[in-house]
Amino acid sequence: MPELPEMETYRSQLNERIAGRAVAAAEVGRERTVNVPVDQFIERVQGRTIERIDRRAKMLLFRLDNGDTLLLHLMLGGSMFYGTTEEAPDRTAQVTLSFGERKLFFHGLRLGYLHIYDEAELTEKLSKLGPDPLDAGFGAEEFAAALRRSRGALKTALTDQSVIAGIGNCYADEMCFAAAIKPLRRMADIAAAELRTLFTAMHSTFAEAIRYGGYMESPFFAGDALTGGYNDRCKVYDRGDEPCYRCGSLIVKTESSGRKVFYCDRCQR
Ligand SMILES: [Zn+2]
C-alpha cells in the first residue's frame, strides 16, 4: 500500500500538472469508489478548479475552488495515471477527471476511494489521525511521546495511524533497519536514545524515498523516470532470505499481528 513517500511523489507531480486547472469533465466507472450518488459527484466536481493538492498521512486532498475537497486513499492496489487516453495503460478507470486532452485516471480503486467532502465533513473524517511525520512541529520529543502511548511492538506503534499518520509496513521496517532496532521489540524495552536515533532514521528514510520517487510500480505519466525509483533501494522490505547489504546475513521475514516484518537479525538489536 502506498505510504507517505509515494503520496508525496504523486502530490508534487499532480501540483505541477493540474493545480489551478478546471475539471472539464468527470466520469465515474464504479459507483462505490465515490461517497455520493454519481450524478451528484459529477455535478460537484465538473467545472471546478483544483486549487492545489495537499497530502495528509497516506491520503491526497484535491482542494476545489468552492471549498469542497476530493479525498483520495489508494489503499492496496490503487494508482494514478496522467496523460491522454492513448498513453494510459489498458486498465479500467474507476474515476477519470479530464483536463482538456489530458486526463487523470484513477486505477485499482477497489479498497481505495475518491470521496468528496465539504470542510466540516473533511475535518471530521481526518480527526482521528495522528500527527504527520514531516510536520515542522513534530520533533524528536513529540515522536517519542506519541510512540510511548503504545505498549505493544515498535512496528505496531509506528504503523498505527492514530499514533503517527503516514508510516506503513514498508517504511516502518526500513526506518527500523536504518536505526538498527528490531521492529518487534516492545515499546517498554526501547530506550530514549534509541527513539531519538529512530526519529533521525525516519527523516533520512523518507528523504531518500521521496528523492527516488517512492516504490509505486506503475509510472504516473508517459516518460516518467521518477516514480518507483525507490523499489530497488529498499534495504529490508520484501527482501526475505536475501543478504543484508550491511553485514551479508540473510534478512529475516516473519509476521506479526497479520503484518509482514523484515529485519536483519545481526545488524538490528
Ligand atoms: Zn545486517
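**The metal site**

Mentor: The four donor atoms around the zinc ion subtend angles of 99 to 116 degrees, so the arrangement is tetrahedral (four donors with all angles between 85 and 135 degrees). This is a predicted model, where local features need pLDDT of at least 70, side-chain atom pairs count only at pLDDT 80 or more, and totals for chains, interfaces and linings use all residues. Residues are numbered from 1 along each chain as its sequence is written, and side-chain values use heavy atoms, with hydrogens and water left out.

Trainee: Which atoms coordinate the zinc ion?

Mentor: Donors are N, O and S atoms within 2.8 Å of the metal (3.2 Å for Na, K and Ca). Here they are the SG atoms of C244, C247, C264 and C267, at 2.2 to 2.4 Å. Along the chain their spacing is C-x2-C-x16-C-x2-C. C244 sits in the loop between α7 (192-211) and β10 (252-256) and C267 in the segment after β11 (259-263), so the pair ties together parts 23 residues apart in sequence.

Trainee: Are C244 and C267 buried or exposed?

Mentor: Buried means under 20% relative accessible area, exposed over 50%, and partly exposed in between (1.4 Å probe, protein chains only). Both C244 and C267 are buried.

Trainee: Where is E8, and what does its side chain contact?

Mentor: A polar contact is a pair of N or O atoms within 3.5 Å; within protein, one must be able to donate a hydrogen and the other to accept it, and residues adjacent in sequence count only if both atoms are side-chain atoms. E8 is in helix α1 (helices are DSSP runs of H or I, at least four residues), and its side chain makes such a contact of 3.0 Å with that of R11.

Key: Four donors count as tetrahedral if all angles lie between 85 and 135 degrees; four count as square planar and six as octahedral if opposite donors are over 155 degrees apart and all others between 65 and 115; anything else is irregular. Helices (H or I, at least four residues) and strands (E, at least two) are DSSP runs, numbered from the N terminus.
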